[in-house]
Amino acid sequence: MDLIVKHGTVVTASDTFSADVGVRGEKIVQIAQALEPGSGTRVIDAAGKYVLPGGVDPHTHLDSPGQGTVTADDYLTGTIAAACGGTTTIVNFCFQEKGKGLREILDHYHHRAEGKAVVDYSFHSMIADLTDQVAAEIDTLPDQGVTSIKLFMAYRGSLMVDDRTLARTLDRASRNGVLVMVHAENGDAADLLQQRLLAEGKTEPKYHATSRPPRVEAEATARAAALAEVIGAPVYCVHVSCAEAVEEIARARARGVRVLGETCTHYLYFSEEDLDRPGFEGAKWVYTPPPRQKHQPPLMWRAIASGALQAVASDHCPFKFTGQKDLGLGDFTRIPNGAPGIEERLMLTYQGVNDGRLTLNRFVELVATAPARIFGLYPRKGTIAVGSDADLVIWDPDLELRVTQSALHHNVDYTLYEGMTIRGAPQTVILRGQVIVEQRQHVGQPGSGRFVPRQRFSI
Ligand code: URP
Ligand code: ZN
Ligand code: ZN
């Protein structure tokens, strides 16, 4: 054996037990008590620590265009931040520029990631313009290891698709085992409210929330679920932010529709009051859907604990406060939408374990196992089992930290969680048998992350 993680408490989505984890090459080969190291076996002592499967983040925007600029993290800085936070696999979005084919876009993103990524990665396709040629390309995606497509029901005039496009994509994708993901907001309604607010001289960041109330999200969620129902397709709702949308998902699931949903860490913590911080600071909280009223975050915790939502993603969409967010000074609709969070995701979700809101196993399921299952990575990723990739996080449940920008690894100039005290953090992170993070610092090599082809949707 090349590596043994000894004396730890192994935690999966279903079990918690004391065992050593033995690794040969890139794979887990044994899980048992008191494994004996051979000569040359590296031993990592995990006494008093949890041994978790590496996190799987199903929603990131590295090196992606958005609102006239490009996200600030490339595959090097973004994946170093992911690794330091305990995430060993990401699935990144590949924005389709109108007029371009899906293969061409995927090739572009492969090129951007290769030689840089330090964790494993995969891609979601994205369709803004469903030409007949693009529709035909959907059939070829699984052979390229890409088994999900995102559509935007919002962002009128740029990315937004109509119901015909949504219906045709659901139909063609589901025939191919490709999961359609929706950004569910009624883009026409949001656009109308934005124009009304601007005409009234309401230009500050706080109006971002006023322009996209919960019903805007709930309506689109219900519509996507209804289309999925009549077509007989599954659908996955990204970044669910409010109880109204969770209710629509629950209603559809009660009818037997295969609707799945994720929320993101920031919807567990923030409210629209953060958008109204002094000066222009609220721009940091301009992500879409917006932070909601104060009663919503506890309801989102309940939704992930109860199983009403299946996963917690970061929606890491990093724009610098100085030089990018300030494109929207004087007009909130021009603030690039998105926030960083790839490094903070596991630590902030884990606080739910400390608070008694989540079991330890549910935490693992939300941040690793469920995203791996839903997106065709399981059991290679997302669990600790013989034959799985040796992606492991040695988690110190007692480590207390103050979250602060200077200690994070992303390429942006702020964290939403500045000054928050947390307990529980990754100490050592292992990717396919190689230690890539020690004491919260990256010790691996650029390019050590690999593209992971994904299986067809099958749950
Ligand atoms: O504000 C967000 N979520 N920006 C990223 C793009 C998206 O809608 O996922
Ligand atoms: Zn979105
Ligand atoms: Zn996103």
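Which of the 13 residues around ligand 1 come nearest? In this predicted model, where local features need pLDDT of at least 70, side-chain atom pairs count only at pLDDT 80 or more, and totals for chains, interfaces and linings use all residues, Lys150, Tyr155, His183, Thr288 and Asp315 come nearest to ligand 1, a residue being near a molecule if one of its heavy atoms lies within 4 Å of it. Residues are numbered from 1 along each chain as its sequence is written, chains are lettered from A and ligands numbered from 1 in the order in which they are written, and side-chain values use heavy atoms, with hydrogens and water left out.

Polar contacts to the ligand, that is, pairs of N or O atoms within 3.5 Å, were computed for several side chains. A polar side-chain atom of Tyr155 lies 2.9 Å from an oxygen atom of ligand 1, while for Lys150 the separation between a side-chain N or O atom and a ligand oxygen is 3.0 Å, and for His61 the corresponding value is 3.2 Å. Ligand 1 taken alone exposes 260 Å², of which the protein buries 96%, the accessible areas coming from the Shrake-Rupley method with a 1.4 Å probe.

Two cis peptide bonds are described here. Another joins Tyr378 and Pro379 with omega about 5°, and Pro379 is placed in the loop between α11 (360-374) and β16 (392-402). In the loop between β6 (55-60) and β7 (65-66), Asp63 has a positive phi, near 50°, in a residue other than glycine.

Helix α8 (residues 243-254) packs against helix α9 (residues 296-306) at an angle of about 30°, with the axes 10 Å apart, the axes being lines fitted to C-alpha atoms over the stretch in contact and the angles running from 0 to 180 degrees between N-to-C directions. The two helices are therefore roughly parallel, a term applied to angles under 35 degrees. In this packing, Ala243, Glu244 and Val246 of α8 meet Gln296, Leu299, Met300 and Ala303 of α9, contact meaning heavy atoms within 4.5 Å. The contact residues divide into five nonpolar, one polar and one charged.

Definitions and conventions:
Helices (H or I, at least four residues) and strands (E, at least two) are DSSP runs, numbered from the N terminus. Angles under 35 degrees count as roughly parallel, over 145 as roughly antiparallel, 65 to 115 as roughly perpendicular and the rest as oblique. Ala, Val, Leu, Ile, Met, Phe, Trp, Tyr, Cys and Pro count as nonpolar, Asp, Glu, Lys and Arg as charged, and the others, Gly among them, as polar. A polar contact is a pair of N or O atoms within 3.5 Å; within protein, one must be able to donate a hydrogen and the other to accept it, and residues adjacent in sequence count only if both atoms are side-chain atoms.
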